[in-house]
Each structure stands twice: as structure tokens, then as C-alpha cells.
Amino acid sequence: QVQLVNSGGGSVQTGGSLRLSCAASRYTFIDSCMGWFRQAPGKEREGVAVIESAGRTRYADSVKGRFTISQDNAKNTLYLQMNSLKPEDTAMYYCAAAVTASSCLFLGLNRNFYTYWGQGTQVTVSS
């Protein structure tokens, strides 16, 4: 059974930074596709960033230039570095893993592409 464990959330002020982690077990980063999503109260879960095993990435327009997705294959861990945080970034953040890398960047910001999900970690940005 694949398991994804989120960590690294917290509360920061506008302009601050946080780094989220997602430790994966029983999931190989070879030929993989993983993403970060977020869900604010009363809103749908939205894709933030996606990375394929070759290292190519794609971002939602709302976070482009501020967030960076990366992965450490040796540690089987996915990261999301978030800089210049804004109050509108406040949400529960989830990592996700797909069972296929095919069309990863094309479909990877769609939550229906993913099979496995982390438990989520809260990010709160105050003004």
C-alpha cells in the first residue's frame, strides 16, 4: 500500500516562506508523476504544481515564480518550497502520486489524475 505523509505546514505572515515535504513509501520515483494540491474552505481542491520523474515541472499561474516543486529520489520525498506567500495561499495542502507518468505534465494539475493522497498539512498566511 502506497503511503504519503505530509509535513511542514504552519502559520506565516505575508511575504514569508514555508517548505512542505511529502515522504512516500512503497512508491517508486522512477517513471513517476507527483503533484501538490490545495483546498481552501468552501473551495474545490486545485492543482498547484506537478513534477515528473525526469524533473520537468508545471505550475498553476497563481503560484508561478513563487513556488518550486522538487523531489529527492534517494529520500523518496517530494517538496514544495513556497516563497512570497500571500493570504490567498491559505489552504490545506496535499501531495499526490499517480500510477502512471504518461501525460503527467498535461494532466497533472487535475486532481482526478491521482490515485494516492497525503493527509494534508495546513498553511495559514496572515496579512
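Predicted model: local features only at pLDDT ≥ 70, side-chain atom pairs only at ≥ 80, totals over all residues.
**A tour of the salt bridges**

Select the two side chains together: Arg38 forms a salt bridge with Asp89, with 2.9 Å between the closest N and O atoms. Arg38 belongs to strand β4 (residues 33-39) and Asp89 to the loop between β8 (77-82) and β9 (91-97), so the contact ties together parts that are 51 residues apart in sequence.

Then move to Arg111 and Glu44, whose side chains meet in a salt bridge at 3.6 Å, N to O. Arg111 is found in the loop between α1 (104-107) and β10 (116-117), and Glu44 in the loop between β4 and β5 (46-52), so this pair ties together parts that are 67 residues apart in sequence. Colouring by accessibility shows Arg111 as partly exposed, because its relative accessibility is 34%. Glu44, at 59% relative accessibility, counts as exposed.

For the next stop, select Glu52 and Arg56. Their side chains form a salt bridge with an N to O distance of 2.5 Å. Glu52 counts as buried, at 10% relative accessibility, whereas Arg56 is exposed, with a relative accessible area of 53%.

Finally, return to a view of the whole structure, where a search finds 6 salt bridges; among them are Arg38 with Asp89, Arg111 with Glu44 and Glu52 with Arg56.

Notes
Residues numbered from 1 in each chain as written. Heavy atoms only, no water. Salt bridge = Lys/Arg side-chain N within 4 Å of Asp/Glu carboxyl O. Helix = DSSP H or I, 4+ residues; strand = E, 2+ residues; numbered from the N terminus. Buried < 20%, exposed > 50% of the residue type's maximum accessible area, 1.4 Å probe, protein only.
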